[in-house]
Amino acid sequence: MSAPRFPVSTAVVGLGVRQYKRGGAPLPEQGTLVRAIVDACEDAGIDPADIDGFVTYGDDKNEPVRLMPDLGTRELTWSTQVFGGGGGGLAAAFGLAAGAIISGQATTVAVFRALVQDNSGRLSAAVMAHHLNDHITGVGLVAPAVECAMRAQRLLEHHRVPRQCLEDLVRAAYYHGSRNPKAISYGRELDLEAYRSSRMIAEPFRLFDCSRENDGAGVLILTSAERARDLRQKPIYLKGVAQGAGRGWGDLLQNDVHYASAGFESVARRLWAQTGLKPSDIDVVQLYENFSAQGVASLINHGFCDYESVGEVVRYENLIAPTGKLPVNTGGGNLAQGFIHGIGVAVEAVEQLRGTSANPVPDARYCLLAGGPGAPTVSSAIFSVDAE
Amino acid sequence: MEDAVKGLGADAPYWEALDRGELALPRCTSCGRWCWPAPFRCGSCGGWTFEWVSLPMTGVVYSWTRVWHPFGGAEDLDKPYVTASVALPQADGIRLFGLLEPGDRAEIGLPVVGRVCKTRPFGQETAAIRWTAAS
């Protein structure tokens, strides 16, 4: 029996981003979020008071009911968030929003993530708080970088994924970021010597293998496809979305069956089945990469390559728009565009399909959004320019 | 028992064994499966009882990282330090985390032996395993 198709009946109609240097937001977190929500409403051509649903992920501290006075919300009909402290829930948030809209629990949903260090502290510490126990802290496993480095070492040393793939993914991110006026790395390409000689964090990761943290907020407005047709922007449809974990993934002592994985095997299988698409149908990928190796593992998990072919596929020339066959993180990604816990890669997915990306992929029809890799619960989505 | 309170799932006997300088891991008394992290119920057969089996503290390095950055919480460890995941063939490949010393021999597949030590993550003392190359 074939898997049921995901109903393509919701679309992203508005985008709002406020991004600053870490510690540099001019407003507190809630104010920054309100600005980004209103930006997204202006982009869509809707009244902020009409938003009746809210969803976030990664332990965002902004309970939607508190935003009502500032937004003039007429009635809050639905709000929730995805479990987990990391970015694994990024794409899943769109799935929840679509479920609420399709079932009539909400009509217009803000998918958001806000992060201002003065209010929420360091993101890395908040994410790690979900993992801490004496088994790991007692032996120096105290940060996401250390946990991911252990998995990366297995990927390189045991599975023989070339170190070059990590470098090429980072280099492609900076290539795109350097050409994106909205990116933190705008105007600055990655100096390969600087990358190779940057200080070691946790082997095999050097400094530039690690995502940065930014202050800011990002918002995407999702509504029904029917309503989207009457709004200002070209609707970008949610083609499919899946979240979860396969058996043998996600325990707190990391006895994962596939330790070097990013955790997407089961999610990717369901995503392809529910959309009827396959990796070769994807025109462009927006990839949450907390660390370089986890981004590469995510591409492997989604079926773009395997341990044998990864060196041919994850190559710098192949990853850059518009000439590469697999353009990845065309805004610069978490590494080079900026990192508000990954919401920026979702925004770039929509920009790319609208045709407003700084690094456009010609005639892009399908864009994969892969959420935070290596998280206990992960998620992926596909956006499309087609209403079916 | 303070360590047990800070543990995970049903792992109190693990910490009690470490406090005696020993290693013990749980095995389902119904189906014989080694389970880790220590569960309350065996997800394979539905059994609720486990035998905590004393095991030799030997294993094989499954993965490792050498940490150079001074992350908060690991102030008591001299940088760089090597954290390793060690697989225990005598317990169906269950993997335990530990420190690997000296760290310059870090390599996947390296046979290691362990001994119990004390470390102070976030300023609070806990028992941990230090692994060294077996030969």
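Here is a short chat about a predicted model, covering one residue and two contact surfaces.

User: Why is L27(A) called partly exposed?

Analyst: Count the neighbours: L27(A) has 15 C-beta neighbours inside 10 Å. Buried would take 20 or more, and exposed would take 12 or fewer. The count of 15 lies in between, so L27(A) is partly exposed.

User: Where does L27(A) sit in chain A?

Analyst: You'll find L27(A) in the loop between β1 (10–21) and α1 (29–44) of chain A. Leaving out residues up to four places away in sequence, L27(A) touches T32(A) and R35(A).

User: What makes two residues count as being in contact?

Analyst: Their C-beta atoms, placed from the backbone, have to lie within 7 Å. On that basis, the contact between chain A and chain B takes 27 residues from chain A and 32 residues from chain B. On chain A's side, α7(A) gives the largest share, six residues.

User: What classes of residue make up the side of chain A that touches chain B?

Analyst: That side has 14 nonpolar, eight polar and five charged residues.

User: How do you know which parts of chain B are domain 1 and domain 2?

Analyst: The bounds come from an automatic or database domain assignment, with domain 1 at 1–55 and domain 2 at 56–135 of chain B. Their centres, taken over C-alpha atoms, are 20 Å apart. The contact between these two domains takes 10 residues from each of them. On the domain 1 side, α2(B) gives the most, with three residues.

How values were computed
Residues are numbered from 1 along each chain as its sequence is written. Chains are lettered from A and ligands numbered from 1 in the order in which they are written. This is a predicted model: local features need pLDDT of at least 70, side-chain atom pairs count only at pLDDT 80 or more; totals for chains, interfaces and linings use all residues. Helices (H or I, at least four residues) and strands (E, at least two) are DSSP runs, numbered from the N terminus. Ala, Val, Leu, Ile, Met, Phe, Trp, Tyr, Cys and Pro count as nonpolar, Asp, Glu, Lys and Arg as charged, and the others, Gly among them, as polar.
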